[in-house]
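Please open the structure in your viewer and keep the sequence panel beside it. This tour goes from one selection to the next and says what is there at each stop.

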Amino acid sequence: MLQVPILKQGGYLIASIQSVLSDADLLQLRDNLAERVGRFRSRGVIIDVTVLDVIDSFATRMLRAIAHMLKLRGAETVIVGIQPDVAFAMVQLGLTLEGVGTALDLEEGLAYLNTRTKQLPGHGK
Amino acid sequence: MENETLTEIRSAVDIVTARQRGRALALDLGFSGGDVTLIAAAISEVARNIVDHAKQGQIVMHRIHGKGDPGIQIIATDEGPGISDVAQAMQYGYSTRKGLGVGLPGAKWLMDEFDIISHVGKGTTVTMKKWLR
């Protein structure tokens, strides 16, 4: 069973987290995204974490690992929908998503990817 | 209203269970959404510590009464290897294993009171409290 559905939208993939995730689900998400970025030749990935009630140290580490791994596969990642309380708890825990794109919501995430993927060299600029 | 809950921690799945029970209890006690999230995050970190270092243990959460204010107390116990240098383990960024080393010190920051007792070869008990203000 796929805990996190991954939609293909043009050159992007959108992973919408639907429920509270276990560690295994996050590992599964990582593997699925890495595979699909290759299969669909995606240039950008949005991970929507709106429903997450807590982003703890493990989830932070996984999100960072996913973003860095996808970067190595040639895709930009943006995390969208971190809720205010969740963000506050992350700050209190000293957790950062350094080197990972973040945006308010899906719309802003798409705008972020549009900007970022156009800046890649060798694509008509 | 349920005033006490015990969660056996045996695998990473139980971390989610513990945190959801803690969230429900904190909401019942009247904590704000922001505080509930902080409490859930702290539970997540201590539960993860059990899974990563002791493999199994348990988390008991219950309502407490201080000087007028009620609060929530969370006690995480395990019979794992214990921590030889607690001061070092409580240093931010110190990790013996795969973690970020923010778990226990992070949980301390999230709560009002935090106490850790550990004996090598016997296990670790973390007691933390947050008061409803």
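**Chain B as a whole**

Begin by selecting chain B, where 51% of the 133 residues count as buried, a word that here stands for under 20% relative accessible area, with exposed standing for over 50% and partly exposed for what lies in between (1.4 Å probe, protein chains only). The model is a predicted one, in which local features need pLDDT of at least 70 and side-chain atom pairs count only at pLDDT 80 or more, while totals for chains, interfaces and linings use all residues. To find your way, note that residues are numbered from 1 along each chain as its sequence is written, that chains are lettered from A and ligands numbered from 1 in the order in which they are written, and that side-chain values use heavy atoms, with hydrogens and water left out.

Now switch to a cartoon view, in which chain B shows 4 helices and 5 strands, arranged along the sequence as β-α-α-β-β-α-α-β-β. Helices (H or I, at least four residues) and strands (E, at least two) are DSSP runs, numbered from the N terminus.

**Stop one: T37(B)**

Select T37(B), which is found in helix α2 (residues 33-54) of chain B. Is this residue, T37(B), buried or exposed? T37(B) counts as buried, because its relative accessibility is 4%. If you leave out residues up to four places away in sequence, T37(B) touches D53(A), V54(A), D85(A), V86(A), A89(A) and R23(B), where contact means heavy atoms within 4.5 Å.

**Stop two: R48(B) and D56(A)**

R48(B) lies in helix α2 of chain B and D56(A) in the loop between β3 (44-48) and α2 (57-72) of chain A, so the pair joins two chains. A salt bridge is a side-chain nitrogen of Lys or Arg within 4 Å of a carboxyl oxygen of Asp or Glu. R48(B) counts as buried at 7% relative accessibility, and D56(A) is buried too, with a relative accessible area of 2%.

**Stop three: D112(B) and its two partners**

Next, select D112(B), which counts as partly exposed at 33% relative accessibility. One partner is K130(B), with which D112(B) forms a salt bridge whose closest N and O atoms are 3.8 Å apart. This pair links distant parts of the chain, since D112(B) is in the loop between α4 (103-110) and β4 (113-119) of chain B and K130(B) is in strand β5 (residues 123-131) of chain B, 18 residues apart. K130(B) counts as buried, at 7% relative accessibility.

D112(B) also forms a salt bridge with R133(B), with the closest N and O atoms 3.4 Å apart. R133(B) lies in the segment after β5 of chain B, so this pair ties together parts that are 21 residues apart in sequence. R133(B) counts as exposed, at 76% relative accessibility.

**Last stop: a network**

Finally, select D23(A), D53(A), D56(A), R19(B), R23(B) and R48(B) together, which salt bridges with shared partners join into one network.
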